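Welcome! Let us walk through this structure together, beginning with a single side chain and then widening the view.

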Amino acid sequence: GEEHPDTLKSMMALGTVFLDQARYPEAEEVWRKTLEVQRRVLGEEHPETLKSMNNLGVVQLRRPPGSTESRAVSFFKDAAALGGSDSDLYFNLGYAYWLDRDAPNAIQALREAVRRNPADDAAHYVLGVALQTSGNAAEGARDERAQLDGMRRLALGAQLQVQHLNTEGEGHREVDVALRD
């Protein structure tokens, strides 16, 4: 039935397929239904429930501007408020605030992402850009340097493990953002 763990995993995977195919309305519909069942069966603060909130935010970020009334920020913010501790969630929240041109909240969320994962080069970079555009050039340059140092480590042979949306364990970071191309 719809409440079985395998059914929920399959629904999450189906939403990811729709997202990858740019079928955003279908992805949103599947993930909203999944979230509804997860809230009822697993509870509001369960990691899989929080992942569904994150995924709903991601689908909003991927849609063309003006194509939805839902704001990505609200999904990420709700997941974080309910105890989401994954640094990727805070990266997504910060990036969503950045896209909404809310630099103070973007900086706050991105600082939290960096605090939770100091090795997150992308979070350092976006935080650096946000700080520089908000008038804190010195601190922004420091975060950009941290990102460049991380890229040098990658060039020396460290493997980059890009975290995609998935249904197994960790790694539900949105990687399809303008600053990562």
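Start at Phe91, which is buried, with a relative accessible area of 0% (buried means under 20% relative accessible area, with a 1.4 Å probe and protein chains only). This is a predicted model, in which local features need pLDDT of at least 70, side-chain atom pairs count only at pLDDT 80 or more, and totals for chains, interfaces and linings use all residues. Residues are numbered from 1 along each chain as its sequence is written, and side-chain values use heavy atoms, leaving out hydrogens and water.

Now look for Tyr95, which also lies in helix α5, four residues from Phe91, or about one turn of the helix. Tyr95 counts as buried too, at 6% relative accessibility. The structure holds one aromatic pair (ring centres within 6.5 Å, using the six-membered ring for Trp). Phe91 and Tyr95 form that pair, and it is stacked, at 6.4 Å centre to centre and 5° between the planes (stacked means planes under 30 degrees apart).

Next, step back to the helices themselves. The axes of α5 (residues 87–99) and α6 (residues 103–116) come within 8 Å and cross at roughly 160°. That makes α5 roughly antiparallel to α6, a label for angles over 145 degrees. Where do α5 and α6 meet? Phe91 and Tyr95 are among the α5 residues in this contact, while the α6 side includes Ala106, Leu110 and Arg116 (contact means heavy atoms within 4.5 Å).

Key:
Axes are lines fitted to C-alpha atoms, for helices over the stretch in contact, and angles run from 0 to 180 degrees between N-to-C directions. Helices (H or I, at least four residues) and strands (E, at least two) are DSSP runs, numbered from the N terminus. Angles under 35 degrees count as roughly parallel, over 145 as roughly antiparallel, 65 to 115 as roughly perpendicular and the rest as oblique. Rings of Phe, Tyr and Trp (its six-membered ring) pair if their centres lie within 6.5 Å; planes under 30 degrees apart count as stacked, over 60 as edge-to-face and the rest as tilted. Buried means under 20% relative accessible area, exposed over 50%, partly exposed in between (1.4 Å probe, protein chains only).
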